[in-house]
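Subject: Structure for you to look at

Dear colleague,

I am handing over a structure that you have not worked with before. Please open it alongside this message and keep both in view as you read.

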Amino acid sequence: MKANVGGIDKVLRIVAGVALLGLGIADVVPLIIGLIGLVPLATGLLGWCPAYTLLGTSTCPTEKK
């Protein structure tokens, strides 16, 4: 698993994931919708997104040689 999620993308995914989980736990949205927040949270923490791999894209900065 090569990292394909860059810095800003990671932060946005983690914030969105925590927000969705919080809304689900607070019963603002149904819990099942809140649990969807686990996906962006996990991809943000791991730095790897399976959808990016399938699409052949990456938000990581390119390495300078």
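What follows describes the helices, a salt bridge, a surface patch and a few individual residues.

Please note that this is a predicted model, in which local features need pLDDT of at least 70 and side-chain atom pairs count only at pLDDT 80 or more, while totals for chains, interfaces and linings use all residues. Residues are numbered from 1 along each chain as its sequence is written, and side-chain values use heavy atoms, with hydrogens and water left out.

I begin with helix H1. Helices here are DSSP runs of type H or I with at least four residues, numbered from the N terminus. H1 takes in residues 7–25, which is 19 residues, and its first and last C-alpha atoms are 27 Å apart, close to the 27 Å expected at 1.5 Å a residue; the expected span is 1.5 Å times one less than the number of residues. The buried residues of H1 are Asp 9, Arg 13, Gly 17, Leu 21 and Gly 24. They lie on the same side of H1 because they cover an arc of only 90 degrees around the axis, the arc being that of the directions from the helix axis to the C-beta atoms. The face of H1 turned away from the buried side carries the exposed residues Gly 7, Ile 8, Leu 12 and Val 15. On the buried side, the residues of H1 pack against helix H2 (31–35), helix H3 (38–46) and helix H4 (50–55), where contact means heavy atoms within 4.5 Å.

The structure holds one salt bridge, a term that stands for a side-chain nitrogen of Lys or Arg within 4 Å of a carboxyl oxygen of Asp or Glu. Its partners are Asp 9 and Arg 13, whose closest N and O atoms are 3.0 Å apart. These two residues are four residues apart in helix H1, and they are therefore separated by about one helical turn. Asp 9 is buried at a relative accessible area of 16%, and Arg 13 is buried at 13%. Leaving aside neighbours within four places in sequence, Asp 9 is in contact with Tyr 52 and Thr 59.

The segment after H4 contains Cys 60, which counts as partly exposed at 25% relative accessibility. Although Cys 60 and Asp 9 are 51 residues apart along the chain, their C-alpha atoms are separated by 8.8 Å. Not counting residues up to four places away in sequence, Cys 60 touches Ala 3, Asn 4, Val 5 and Gly 6.

Turning to H3, the residues Pro 40, Leu 41, Thr 43 and Gly 44 are buried, and the buried residues of this helix pack against H1 and H4. Just after H3, Gly 47 takes a positive phi of about 75 degrees. Gly 47 belongs to the loop between H3 and H4 and is buried at 1% relative accessibility. Beyond four places in sequence, Gly 47 touches Ala 3, Asn 4, Val 5 and Lys 10.

Another positive phi is found at Asp 27, in the loop between H1 and H2, where the value is near 65 degrees in a residue other than glycine. Most residues other than glycine have a negative phi. Asp 27 counts as exposed, at 63% relative accessibility.

Lastly, Ile 25, Leu 31, Ile 32, Ile 33, Leu 35, Ile 36 and Leu 38 make a nonpolar surface patch of about 680 Å². Such a patch joins nonpolar side chains (Val, Leu, Ile, Met, Phe, Trp, Tyr) within 5 Å, from residues with over 30% relative accessible area and no salt bridge, and areas come from the Shrake-Rupley method with a 1.4 Å probe. The largest share of the patch, four residues, comes from H2. Leu 35, in helix H2, is partly exposed, with a relative accessible area of 40%.

With best wishes

Conventions
Buried means under 20% relative accessible area, exposed over 50%, partly exposed in between (1.4 Å probe, protein chains only). Patches are made of residues with over 30% relative accessible area and no salt bridge: like charges are joined within 9 Å, nonpolar side chains (Val, Leu, Ile, Met, Phe, Trp, Tyr) within 5 Å.
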